[in-house]
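Subject: Structure handover and findings

Hello,

Here is the structure for your own work. My notes on what was found follow below it.

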Amino acid sequence: MMAMLSELALHYELELKPSRTELLSCIDNGKEIIQLLRMPGRRYKGAGGLNAAAAKIQATYRMYVKRRIYLEHRRMKWAAGVITMSWLMYIKMCQVRKSLKQKRAAQLELMQRQQRTLRLRWLTITRSPRVVVHIPSQGYPHSIRTCLDNFSIRQSLQMARICDVRDPDIEVIYVSPIPIKRELDDYYRSLLGMGPGGDVAMERVHMVTPEHCSTFTKHQMALASVLLYSHDTMTRIRTLTAGKEAYIVSNVVSPDDLSLADQLGIPLLGCPPDIGRLYSSRSGAKRVFADAQVSMPPSQGDIFSEEQLIEHLATLILANLAIQRWLFKLNSHVQGKGFAICDVAKHLECYSWVVRESQRYGEKWDNRWAQEYSMKRVMEELPQILSSHAQPVDRTLFRNWRVFLDQFLAEGGVIEGTPPSDSVTPLTVGLFIDPTGAITVQYTGDQLCSTPYNVWGITCPQTSVPPEQLVEAVRKVAVACQSRGLVGHLSIDFVTFLHPTTLSQELWGIDLDIGYSDHLALFQLLSYITGATFDSGGGRLLVDGGTPRYAVMSSQLYHTNMAIVHYPVFFKMCKAHHIGYDAKEKQGTLFNFIDESHREYLTMICLKDSLQKALDTCSTNLSVIHQEISTPNQQGQTNFESVCVELDKITSLMNENISNQN
């Protein structure tokens, strides 16, 4: 042991200290000593142990207190930092909102000034060379855009807007939401070459695509929003419109369209976004129809609570006992997706009793006191009936009534009765209100539906209502729209049917869409190729100065097998089956392709000298195309078959009516 100590002493200098392990290694019973040293509290059992223990306790407690104070200080410092950053962000956001609000107000004021100038100079502009900037932007709110299938394709359905070059004074800038590839460009060159402008017409057409159109594909942004981020395309549009009379024609106007008009310095032909959104909603359209004093279905708009829904539905049922089915429409949804239906009378247990009560009271039934007890019974049954039997039309978007009802109450909606007839024809009218207030009916058409509330096309002109009756109703609605500041392109939806009691033909105003419609784009293509004009007074589509024609037009056809068929092959197939257009007779079939990378979508116009021939031609064309591109093992997904079934029903009904007349 002494030897180990001496070696240890020689090893360390005076200023160095050996470790505890090295000192214990010099002791014979080092392991026992280590165990003693490791025993808890051992150091406090010797001399001065109590003082050492007291000092340890005091130090530990002081450390605990100080640490608690420190941790609280650190937490408060962190909280102060979070509060400070949140406050700074709030202030910044308020400043940004205020700045955006001021900017939007300035843009709106600029739009109003531009429209006043446009109104004063409209006649001069329309008689001189001008540039029309077509931006088929669907500026719906984000919640609606995300519900629409193939949003970029929907914005591409109006490529036929380029047919505005039918007027030799018009130069068209078409902003495309998809890249225009060589094959599609060649097709439109040949298509425009068939019209009155010939090959030189394409020289007045400029197709531009925003350079960032492929950047925001997952966000389903409106075309106007994408264009704002595309500096090169904006520069090109400024260059093409510099020193020329120009205006913008959008589709569904949004605040981004105002920004475009501001940055490009070009007036926007349309109404402010807030006004357009208000009156294109279901409830807003009802207010327009009511002001126009046109017939409407029994309805109630601006429903925002379940109590309102039950009360107003009960009131409508008691006032219109002949109506069996009721519709529930969301205010802002499009494409027939925001509907729910319920056959209330079929499931209302007290319905027969209520009918007897109405017969008992007779003319006094319209008084509120006569309906009081009936109202109570109906309101008691309605919640259970709606919960069990109300069905959303689109189950992919709303899986049941509860989901639909939540959305209905969140954004508001309309209760509307369906016509009390088994034979109901929906029709649509496109009109244009220019900045001076002049009203032009551009086309009329009976709607074609493969499934309820899902329109796939129209027949033009409409043949369901006497033209003078329809024109009078359209004129009233147009005047009401004009008084509310609506300018530009609009389409009005009606339904017509024979009243079961009076046997008179009823015409009800149903819906109002503010914007450039797909049907109008197809009509522009038809007019350009055939030289057709629409006689609104006589309700006729005329070619060659007076020869009547009938057209079936659709932009909603699709067949997944078309994706593997290139356009040259498709045209050769059509030529082999004599599907084409006769420029001399002004009859036949026209196609309008949308996107080379989405060839499964197809637009078609069938033009004949009678409506029945046009329907038969459309059905035959779809059947032939389906047979040529399909095999028994690969039928593909398509709406061709359901469309053909609907067309066959219409032609059969027409044949039956003709035989009955004879």
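Is Glu 472 buried, partly exposed or exposed, going by its relative accessibility? Glu 472 counts as partly exposed, because its relative accessibility is 34% and that class lies between under 20% for buried and over 50% for exposed. Before going further, please note that this is a predicted model.

Salt bridges

A search of the whole structure gives 22 salt bridges. Three of them are described here.

Glu 472 is one partner in a salt bridge with Arg 475, and the closest N and O atoms of the two are 2.9 Å apart. Both residues belong to helix α18, which covers residues 467-483. Glu 472 and Arg 475 are three residues apart in that helix, so about one helical turn separates them. Arg 475 is partly exposed as well, with a relative accessible area of 41%.

A second salt bridge joins the side chains of Arg 182 and Asp 186, at 3.3 Å from N to O. These two are four residues apart in helix α7 (residues 182-193), so the separation is again about one helical turn. Arg 182 is exposed, since its relative accessible area is 64% and the limit for exposed is over 50%. Asp 186, with 36% relative accessibility, counts as partly exposed.

Glu 416 and Lys 329 are both buried.

Strand pairing around β17

- Strand β16 (residues 540-543) runs antiparallel to β17 and is joined to it by three bridges. Val 543 has Thr 547 in β17 as its bridge partner. The hairpin of β16 and β17 has three residues between the strands, and Asp 544 takes a positive phi near 55° there.
- Strand β20 (residues 601-608) pairs with β17 over seven bridges, also in the antiparallel sense. Ser 554 stands opposite Met 604 in β20.

A loop residue

Where does Asp 394 lie? Asp 394 is in the loop between β8 (391-392) and α17 (401-411). With 12% relative accessibility it counts as buried, because buried means under 20%. The side chains of Asp 394 and Thr 396 are joined by a polar contact of 2.4 Å.

A surface patch

Which residues form the nonpolar patch on the surface? They are Met 85, Trp 87, Leu 88 and Tyr 90, and together they have about 470 Å² of accessible area. Met 85 has its place in helix α4, which runs over residues 49-126.

Regards

Technical notes. Residues numbered from 1 in each chain as written. Predicted model: local features only at pLDDT ≥ 70, side-chain atom pairs only at ≥ 80, totals over all residues. Heavy atoms only, no water. Patch = residues over 30% accessible without salt bridge, like charges linked within 9 Å, V, L, I, M, F, W, Y side chains within 5 Å. Areas by Shrake-Rupley, 256 points an atom, 1.4 Å probe, with all protein chains shown as cover. Salt bridge = Lys/Arg side-chain N within 4 Å of Asp/Glu carboxyl O. Pairing = 2+ DSSP bridges. Buried < 20%, exposed > 50% of the residue type's maximum accessible area, 1.4 Å probe, protein only. Polar contact = N/O pair within 3.5 Å; in protein donor to acceptor, adjacent residues only side chain to side chain.
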